[in-house]
Amino acid sequence: MTASCEGCQSGARLDFDFSMAFQPIYDLQAERVWGYEALVRGINGEGAFTILSRVSAEQKYRFDQACRVKAIELASRLFPSDAQLRLSINFLPNAVYDPAACLRATLGAARRHRFPLGAMMFEFTENEEIVDTGHLQNILTEYRRQGFITALDDFGAGYAGLGLLVEFQPDLIKIDMKLLRGIDRSRPRQVVVASLAAAARELGIAVLAEGIETEGEFRVAHAAGINLFQGYYFARPEFERLPSLSDQSIAVMNEGVLLHH
């Protein structure tokens, strides 16, 4: 038995249940919902903190695996079969023993529920310090080999900043809401976000603006060349169901003033 399998079998079992809420990611260029992020919730819809606060260091691996399986199970039931939607799942690089071995549960769930591998996006956050950069590179390489989309979450608000982007080029970066909050009233934020978006384009990396809450933030982020959006302005997460886009965001997009610039 490999060390990775031993780590899996000896990991502390979860002593709690959980479920997921879903929040849409909107593609402005394609004028459609691009996908949904699966967000941890309690079994009665309690916030993520009530669950995450119960995950001990010994349970990290099992929790990471269980989140993937739960997200795939729910998405396979909720996603229309012909919608070509992506499922975005967060993962903990420091909880992965061996990239290939630790994908067994994920791949098994995908097979059972006939969920396409190319429709899955795995997000790792720079809020978690990367202990071993070589290990992270191995993870990203294996995930791409399997056909997964890779994404760097919370970009601009974590440990490594631009250094992490230099070392790794994921398929997509999600610009952190702290950089986007009030961007329509902040010239420094506008300059920084536009520069990040331009650098990502040069590297062939897609950019998503997360945590968008106002029309002003939406318009300025789009003016910076961003076409993927997520946040309360579009829809709040909903427990075990796919939320509809908000009337206010639909009205602005129907104006057509943001399209085809």
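Contact here means heavy atoms within 4.5 Å. The structure is a predicted model, in which local features need pLDDT of at least 70 and side-chain atom pairs count only at pLDDT 80 or more, while totals for chains, interfaces and linings use all residues. Residues are numbered from 1 along each chain as its sequence is written, and side-chain values use heavy atoms, with hydrogens and water left out. The chain has 10 helices and 9 strands; these are DSSP runs numbered from the N terminus, with helices being H or I of at least four residues and strands E of at least two.

**Chain as a whole**

- Of the 261 residues in the chain, 51% are buried (under 20% relative accessible area, with exposed over 50% and partly exposed in between; 1.4 Å probe, protein chains only).
- The accessible surface comes to about 12400 Å², and carbon and sulfur atoms account for 50% of that surface (Shrake-Rupley method with a 1.4 Å probe; for residues, only the protein chains shown count as cover).
- Among contacts between residues at least 6 apart in sequence, 68% join residues at least 24 apart.

**Helix α9**

- In helix α9 (residues 215-223), the buried residues are E217, F218, A221 and H222.
- These residues lie on the same side of α9, because they cover an arc of only 125° around the axis (taken from the directions from the helix axis to the C-beta atoms).
- The cover over the buried residues of α9 includes α7 (177-180), β7 (206-209), β8 (228-229) and α10 (247-255).
- G225 follows α9 and has a positive phi, near 100°.

**Aromatic pairs**

- The whole structure contains 16 aromatic pairs (rings of Phe, Tyr and Trp, the last by its six-membered ring, with centres within 6.5 Å; planes under 30 degrees apart are stacked, over 60 edge-to-face and the rest tilted).
- F122 and F148 form an edge-to-face pair, because their ring centres are 4.9 Å apart and their planes stand at 65°.
- This pair links distant parts of the chain, 26 residues apart: F122 is in strand β4 (residues 120-125) and F148 in the loop between α5 (133-146) and β5 (149-155).
- Both F122 and F148 are buried.
- F218 and F229 are also edge-to-face, because their ring centres lie 4.8 Å apart with the planes at 85°.
- Here F218 of helix α9 is linked to F229 of strand β8, 11 residues apart.
- F218 counts as buried at 0% relative accessibility, and F229 is buried with a relative accessible area of 0%.
- One aromatic cluster is formed by Y26, F218, F229, Y233 and F234.

**Charge over a ring**

- R236 lies over the face of Y232, at 3.9 Å from the ring centre (NZ of Lys or CZ of Arg within 6 Å of the ring centre and within 35 degrees of the ring normal).
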